[in-house]
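Morning, everyone. I have one structure to walk you through today. Please have a look at it while I talk.

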Amino acid sequence: MQCENLYDLMPDFVDLSALPADADKHVSNCLRCQAEMAHYRSIRRSLSEMKSSMVAPPTDLLSDILSAVRPDADVVRIDKKSRRRKVVGGIAAAVTAGAGVAIYAAKFAHKHKIAS
Ligand SMILES: [Zn+2]
């Protein structure tokens, strides 16, 4: 068996004992495949740890988003006859939503930077 043949199987068989016998034999003698299996086990372990952690949004997230969106509310008002204004309103809404997400991401990163 070749290493390349195993790479597609590895994510499904992070438990070495669950590998088919020929694959298990190859991995037992191949440092490259052992390293790859260790990598997948590490990813799976990290994902398992993340499953139990819950991130609560900051309490002021809603007010931050609303304060970022409301100043542009006039731009979002659409004259039904004007297609151009609809596009501008859509872009403004997308920009303000992006600003809200950026504010949240910055606060989240800052909070976790302080905590660690
Ligand atoms: Zn190999």
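One term before we start. A residue is called buried if 20 or more other C-beta atoms lie within 10 Å of its own, exposed if 12 or fewer, and partly exposed in between. Keep that in mind for Val95. Val95 has 14 C-beta neighbours inside 10 Å, so Val95 counts as partly exposed. And please remember that this is a predicted model.

Where is Val95? In helix H6. Val95 and Ala68 sit 27 residues apart in the sequence. Their C-alpha atoms are 9.8 Å apart.

Is Phe108 buried, exposed or partly exposed? It has 14 C-beta neighbours inside 10 Å, which means partly exposed. Ala56 is 52 residues away along the chain, and 9.5 Å away in space, C-alpha to C-alpha.

Now the whole protein. How many helices and strands does it have? There are 6 helices and 0 strands. Read from the N terminus, the order is α-α-α-α-α-α. The protein has 116 residues, and 5% of them count as buried. Next, the contacts.

On to helix H3. It runs over residues 31–52, which makes 22 residues. From first C-alpha to last, H3 reaches 32 Å. That is close to the 32 Å expected at 1.5 Å a residue. How many residues of H3 are buried? The count is 2 among its 22 residues, so H3 is hardly covered by the definition I gave.

Last stop, the start of the chain. Gln2 is in the segment before helix H1, and H1 spans 3–7. Why does Gln2 count as exposed? Because it has 9 C-beta neighbours inside 10 Å. Gln2 and Val27 are 25 residues apart along the chain. Their C-alpha atoms are separated by 9.8 Å.

Key: Residues numbered from 1 in each chain as written. Predicted model: local features only at pLDDT ≥ 70, side-chain atom pairs only at ≥ 80, totals over all residues. Helix = DSSP H or I, 4+ residues; strand = E, 2+ residues; numbered from the N terminus. Expected span 1.5 Å × (residues − 1).
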